[in-house]
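Have the viewer open as you read.

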Amino acid sequence: MSLIRLVYASESRLVEANRQAEIDRIIESARRLNARNDITGFLLATTASFAQVLEGDGRTVAETYGRIVADPRHDAVRLLAEHGIDQRGFPHWSMGLAERDETTTFIFGLYGVTPENDLPQHEADVLVDLAGELARQRS
């Protein structure tokens, strides 16, 4: 199996009233499906956007990305990177999650992610580095 890494960003269509419940559903579903399909990754979330790193077999990652593009909770989905990798950057995460909140705002800001310069405005490498930093803090 040849591994790939796919990185995308999107605008969030979640409304504040049920935002946390929807994020919980996204993570529960992603962890279940990703474990079944040997996909690993990490989701970054702010009130206005998402960015996600997916790693695994090219076919299953492409199928997963196709479901995300069709998901009505995402808008303006933009593929930032897709390339082969020698090893996974998130091997222990069927799907990790970090939301920008009072405990992570500083770290998001260190990588330039602010409400004025949100996730979709950043390069894939910056988002992968941010996700990696947050994943290390959660392990």
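N34 sits in helix α1; helices here are DSSP runs of H or I with at least four residues, strands are runs of E with at least two, and both are numbered from the N terminus. With a relative accessibility of 3%, N34 counts as buried, where buried means under 20% relative accessible area, exposed over 50% and partly exposed in between (1.4 Å probe, protein chains only). Leaving aside neighbours within four places in sequence, N34 is in contact with I39, T64, S94 and M95; contact means heavy atoms within 4.5 Å.

A word on the ground rules: this is a predicted model, so local features need pLDDT of at least 70 and side-chain atom pairs count only at pLDDT 80 or more, while totals for chains, interfaces and linings use all residues. Residues are numbered from 1 along each chain as its sequence is written, and side-chain values use heavy atoms, with hydrogens and water left out.

**Helix α1**

The 19 residues of α1 reach 26 Å from first C-alpha to last, close to the 27 Å expected at 1.5 Å a residue (1.5 Å times one less than the number of residues). Just after α1, D38 takes a positive phi of about 55°.

**The sheet**

The open sheet has 5 strands in the order β4-β1-β3-β2-β5, with mixed pairing; two strands pair if DSSP finds at least two bridges between them. β4 (74-85) and β5 (96-99) are the edge strands, each pairing on one side only. From one strand to the next, the twist averages 15°.

In β3, 8 of the 9 residues are buried, so this strand is largely enclosed by the rest of the structure. β3 runs antiparallel to β1, joined by 9 bridges, and antiparallel to β2, joined by 6. β2 and β3 form a hairpin with 3 residues between them. Opposite L54 in β3 stands L6, while V53 in β3 faces F42.

Helix α1 lies across β2, β3 and β5, at about 160° to β5; axes are lines fitted to C-alpha atoms, for helices over the stretch in contact, and angles run from 0 to 180 degrees between N-to-C directions.

**Salt bridges**

The model has 10 salt bridges, each a side-chain nitrogen of Lys or Arg within 4 Å of a carboxyl oxygen of Asp or Glu. Here are some of them.

| Pair | N to O distance |
|---|---|
| D38 and R88 | 3.1 Å |
| E63 and R59 | 2.9 Å |
| R73 and D71 | 2.7 Å |

D38 is in the loop between α1 and β2, and R88 is in the loop between β4 and β5, 50 residues apart. D38 is partly exposed at 42% relative accessible area, whereas R88 is buried at 17%. E63 and R59 are 4 residues apart in helix α2, so about one helical turn separates them. Finally, shared partners join E22, R25, D71 and R73 into one salt-bridge network.
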